[in-house]
Amino acid sequence: MQDALAEFYTAYASGSAVAVAHFLNPISPPQNPGRLYDFWRTTNEVRVGGDVQYALESRLRRHMSPNEINAWVDVISAYWRGVDKIVKAEQAENQGKLAERQAIDVYDAWKDLTSTFIKYISNGALPHWAVFTLYFTANHLRKFALKADEQMAKAKPVTFSSGFQDDIVSTTPRNEKLEEAARVFNRIFALCLGDRNPELMSSRKWGVYCIANLQFKTYFKLKTISLSKNVVKSIAAQSDLPQFHLYPASHRVTYMYYVGVISFLQEDYTMAEASLTEAWNSCYAYSSKNQELIMSYLIPCRLITEHKIPSAQLLNQFPHLRSLFGDLMDSIKKGDLSGFDKALTEGEPEFVKRRIFLTLERSRDIALRNLFRKVFLSAGYEDLKEGQTENDRIRKSRIPISHFAAALRMSTAGTGSSQVVDDDEVECLLANMIYKGHMKGYISRDHGMVVLNKKGAFPKTGV
Amino acid sequence: MPQPRNARVQVSCFTAHKQTDFFRTTHHHHPFSLLLLLLSNPLPFTCRNSPAAACSVYFDRASRRWVPRHVLPCFRSHRGVDTELQRSTCPHKPHQAVTSACSQSTSPVKPAKVDWPPAVREYVGRAFEGQNTIKGISREDVTKKLKEVIGFFAERSQLDSVTWSTYPLPQELLRDERLSKMDAAGVKPTLSGTTNTTHDNTPSKKRKSQDRDELQPQPTPGRKTNNLEDRITFAGGNEKRHKKNGLPRDTQSKFDQNDLEKRKQRFNLGTATANRPMPPWVATRNDSDSDMNTAPVVGTNQRLEKQYLRLTAPPKAETVRPQHVLEKTLQMLTRKWKEEKNYGYICNQFKSLRQDLTVQHIKNAFTVKVYELHARIALEKGDLGEYNQCQTQLKALYSQRLGGNPAEFTAYRILYFVYTCNKTDMNDLLAELTPADKTHPWIKHALDVRSSLALGNYHKFFQLYLDAPNMGSYLMDMFIERERLHALANISKAYVPTLEHVR
Amino acid sequence: MSGATQAPTKSTDDKSKTVDAENSENKKAAVAPLEEDDEFEDFPVEDWTEEESQIPGGTTHLWEESWDDDDTSEDFAVQLREELKKLGNSK
């Protein structure tokens, strides 16, 4: 047992929450694939408590208070019980007998470990940094909950209600364990946020953002994203948190990403842009998936706020972004409605999955603006009057509606577009452009003309 | 001057999927031009009066009739009691009939007015004989139980039909109950009917909780009952409900054979007793909790109508109608709806119909039909609460491929999210659609409505409004005015210099 | 506040030195980025410096204008001009 705990002693002595979390890892490291099994074999269900207690007491009595020893004994014993279930689940899996039960057992045992941790952190038996170790434990709990729910869903595809409900189909959650885990995370969050320790250095408030991130991930999975807003709100309402920039970058970037996505989904694109940009700027250079994720929201966002598209350079750097957005951006730039509609339809499943479809759809306006802008440019210039020079040339600003109609029909003639155009519709779309400020001018219905402003007919596009 | 469609042929929801002749303008204007005309000629475009949420009614016990909810200012006050009931081990209401039958007389051992049969007297005597005392069961408890046992049969004038010489003594009944209670302990039954873990706050959920407030049977004020009494009299709650429903109290129940065997074993009852109504305490706790939640009831009630009441206990077979009766009920309701259009009544009947289906675990094409019909009626009357409840159920039923019209209701869901402008829900719904779904004409119509608004193509939107299949226009009515205003704002800005009088 | 700065670092500064608990697990997933869902990955390290953050200098060259004036000779523009010429200035 002492040998098995050697790693714990080293980790503890280093005062590193991550190192201790590493000791409590439910997965064997690649360089030592037998680690969990070896640890498991050092004791058994009956002896584990006594064994760990004896080992810790004989080793740490002079370095640790009895309270703390007691706390670690419980934590490590609970960890062993978790490992016990994991090893058994692995054995079942190897025999092809992995079932619902095992996944739930692992989850339950890991939940016990998490609860034990919470108990000793809240009563002060464990050092303040243990809250970070708890974060890692809780993150594993989240993953075990996902697995357990997955197994349960396989076992029972649909629950029909029984008992006293009025309606036939039960509202029993499909994500029972993850919902339960969410409540555990809530407790941890409250534990961190509400820490009254005036000494900031040893405050649990340092755990606020990483636990919030855990909650975000959980709520997104549960499709109860609105609950994330409560987390953001309660953090905003807490005035005595350490300054944001002092938190570890991983906490900050993840937090800003989720705040950005939440704002994005609420259609607060200004806020979304600010948060996502901040996340982008601080993102770890070697985490390209996370960079792509940030961009997958930031790109649609910028289209709405600034009408800007990602540079070729950016798309080339991230091939996944290129395949996701490339065609759509090209079509927008060219004012090619057919191409746009085709790209949007083809990408729809992927866009919908990423919750960006409805936002991207709105950028058809930009494609349309670019198309109408071309009509405007093709109209050329008014003839020079006497005494005027080339510099005084002004563009023709009265353009027949029929010209816009012709352009629309040409642009939507391709196979990809499902939009057919009739004359009223052209007027409607023109009206829309003016209403939304993409074009400056008015429609003269009597004359069948669009009368555009002499200056800035298409704002912010140089004409 | 063609009016925007403010007069509509009321489409019966029973014929909804056969496209009936919707309102159509005879001389067909393009809708966008129509708006333009409206704008230049400031004719007030009338809003079709949307039907108010009509079914917010409450059954007033005092006056024994349905009253609109706003008439009853204190309908929320039951909440506290409700919660308390849910928390206690047994949520069931004391049975007034039983308790009042004997609780007034101080002791049944000395009957003052009633002439008890000798067998009963003997039974009472045996109950208090020292040799029959069971450790841990007090004399008081025995007395109380005795009152209830005798009261139960006395009330039914069945004192003579019981073989008192073999009937279990009160203390034996109590022991049995306690033992089975211990068995069941640890499994806390979820009696609330709904889990409180869902974070959902859709209108349907809210609606549901309102219903609970409104329709929860009220405990008699000022009457405090202990747990034991609750436990033994819980089925009496049903009995009372039963009476309220106007059903014969002693409807014979055909017990499940298994159930019967269990009971026989437990009480050493002879077969002769099988056809007698079972006293409430016979439905012991240990085949409740776990079993109660899974075993379907097999209904025996033959009445077509039944007033809806929220269940707080497992229903008795004699209060539940089997499917073949429910099918007739549905026919009757269909006819009544067409003839009378009394939504309050229809909604209540549909709810009890749904409840009977649920407790019997009937989930088949008929179930789908019931929910579809209720959803259509609710939609026609603008009762979004019920409509959404039905939609939720239908969604799950369709996933079981039980038939019905999934395309029709998918289209409604899309239109509903257009109405609520809920982008997240809309996105989730889009994520569920298969390519085949998207090409279905009804669903495609709804999707086109969505995209036309997203792209500001009001011209197309108003055309789609005129062409809405099934009951789509009832849903579109909910946002047509909003979008018409958007379109007008849009037009006013774009045409402003040519439309002087608008300024 | 200088004291506070140490609090998170104390527990987290051992980043690149040890293979972090999460890392081993994420190696599998890292093969196919941007495929699964939009769940943000756990970073392999807890904290990093600005130099280790990507693309210094902000967002300036990440974006460009969404219209394109360099393609007047492009097929569509030519076609459009032809089409509009046919229509003339009439309605």
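Q: Two residues are in contact if their C-beta atoms, placed from the backbone, lie within 7 Å. On that basis, what share of contacts in chain B between residues at least 6 apart in sequence join residues at least 24 apart?
A: The share is 74% in this predicted model.

Q: What makes a residue of chain B count as buried, and what percentage of the chain is buried?
A: The cut-off is 20 or more other C-beta atoms within 10 Å of its own. Of the 503 residues in chain B, 37% are buried.

Q: Why are S3(A) and S4(A) called paired strands?
A: Pairing needs at least two bridges. Four bridges join S3(A) to S4(A), residues 449-452, so the pair qualifies. The two run antiparallel. One of the bridges links Gly441(A) to Leu452(A) in S4(A).

Q: Why do S2 and S3 of chain A stand at the edges of the sheet?
A: The open sheet has the order S2-S4-S3 in chain A. S2 (398-400) and S3 (441-444) each have a single partner strand, so one side of each lacks a neighbour in the sheet. The twist averages 20° from one strand to the next.

Q: What makes the contact of H11(A) with H13(A) nonpolar by class?
A: Tyr257(A), Gly260(A), Val261(A) and Phe264(A) in H11(A) meet Leu293(A), Ile294(A), Tyr297(A) and Cys301(A) in H13(A). Tyr and Cys count as nonpolar, and Gly as polar. The tally is therefore seven nonpolar, one polar and no charged residues.

Q: How do the axes of H11(A) and H13(A) lie, and what is the handedness of the crossing?
A: The axes come within 11 Å and cross at roughly 35°. The crossing is left-handed.

Terms used: Residues numbered from 1 in each chain as written. Chains lettered and ligands numbered in written order. Predicted model: local features only at pLDDT ≥ 70, side-chain atom pairs only at ≥ 80, totals over all residues. Axes fitted to C-alpha atoms, helices over the stretch in contact; angles between N-to-C directions. Buried ≥ 20, exposed ≤ 12 C-beta atoms within 10 Å, placed from the backbone. Left-handed = near helix turned anticlockwise from the far one by under 90°.
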